Amino acid sequence: MIKFIKPFLFLALIVLISCTDVIDVEVPIAAERLVVEASLDWQKGTTGNHQTIKLSTSTPYFDTTINDIVIGASIKVTNTSSNEEYIFVDQSDGTYTISNFVPVINDIYTLEVIYNDEVYTATETMTAVPAINRVEQSLEGGFDDEVLDVTIFWDDPEDEENFYFIKFYEEGGLFPWLEVGSDEFSNGNEMDEFFENDKEDDDGNITEFLPGDVVDISLYGISERYYNFLQLLIEQYYSGGDPFSSIPAEIRGNCINTTNSDNYAFGYFRLAEFDTVNYTFE
């Protein structure tokens, strides 16, 4: 019996080896689109005169070598209340800058980008934000009562709808933690948002905050439309790898191609006042 088994195993091994072929899977490549990063953010206590807009093009998912910066475009922002125009200067590196921008709370601004003979426009309102009252650390505000967390507090204005974007960044980290919120259930009251470091390192250990760790926390006032955009974007970003999450979908911003509507742009044009604090854990 052994005489028959050995030749059979040898023959099966040859068949398996000979059937190993390289399969090339053709991945669909979406059309290249303009990407507009136009966040005109005004920090409390500053003039807000210096602003930067970045233009690039979308690239294939698996491609890491394409130079995607956009140069040679024309960018103009107009205050529709005063008709003041602000021309952004091409820095030949994908960024367009200005040093005399004048932010005015509640004024409406329009963005115009001309690229490849097509015109992209967007409209947004400069939105105010309350000042951050204080920052506190504790072991009780988060999900784990053995891990340090940090909380910011601010007073929500009465008799108006307000929407917020909060960004936590641990110094030395790779990416910030992003949150959005509204005053739907706390209008006119003191509001708060906490951040607890519950990430895992390569060994599976929680990289909790320790005394001496530093975080930068920024609170932005944003429009309802931008709040809805960010809510979808953040939900998709943090649900990566979750088999029970909703299927990711393309999320469009507020930049419209008025020349060719089919060739729409990615990105968003926002104007936001923000307050920021730098906190060191004790």
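How much of the accessible surface of this protein belongs to carbon and sulfur atoms? The share is 53%, out of a total of about 17,400 Å². Keep in mind that this is a predicted model.

Now the overall picture. The protein has 282 residues, and 36% of them count as buried. Its secondary structure consists of two helices and 15 strands. Next, the contacts. Take those between residues at least 6 apart in sequence: 63% of them join residues at least 24 apart.

Let's look at one helix, H2. Helix H2 runs over residues 224–238, which makes 15 residues. From first C-alpha to last, H2 reaches 21 Å, close to the 21 Å expected at 1.5 Å a residue.

Which residues of H2 are buried? They are Tyr-226, Tyr-227, Phe-229, Leu-230 and Ile-234. Look down the axis of H2. These buried residues fall within an arc of 160 degrees, so they line one face of the helix. And what do they pack against? Strands: E7 (118–125), E10 (163–170), E11 (177–182), E13 (214–222) and E15 (266–280).

One more stop: Gln-51. This residue lies in strand E2, residues 51–57. Is Gln-51 buried or exposed? Buried counts as under 20% relative accessible area. Gln-51 is at 6% relative accessibility, so Gln-51 counts as buried.

Who are its contacts? Leave out residues up to four places away in sequence. Gln-51 then touches Ser-39, Leu-40, Asp-41, Phe-88, Tyr-96, Thr-97, Ile-98 and Phe-101. A polar atom of the Gln-51 side chain lies 3.1 Å from the backbone oxygen of Gly-48.

Key
Residues are numbered from 1 along each chain as its sequence is written. This is a predicted model: local features need pLDDT of at least 70, side-chain atom pairs count only at pLDDT 80 or more; totals for chains, interfaces and linings use all residues. Side-chain values use heavy atoms; hydrogens and water are left out. Helices (H or I, at least four residues) and strands (E, at least two) are DSSP runs, numbered from the N terminus. The expected span of a helix is 1.5 Å times one less than its number of residues. Buried means under 20% relative accessible area, exposed over 50%, partly exposed in between (1.4 Å probe, protein chains only). The arc is that of the directions from the helix axis to the C-beta atoms. Contact means heavy atoms within 4.5 Å. Accessible areas come from the Shrake-Rupley method with a 1.4 Å probe; for residues, only the protein chains shown count as cover. A polar contact is a pair of N or O atoms within 3.5 Å; within protein, one must be able to donate a hydrogen and the other to accept it, and residues adjacent in sequence count only if both atoms are side-chain atoms.
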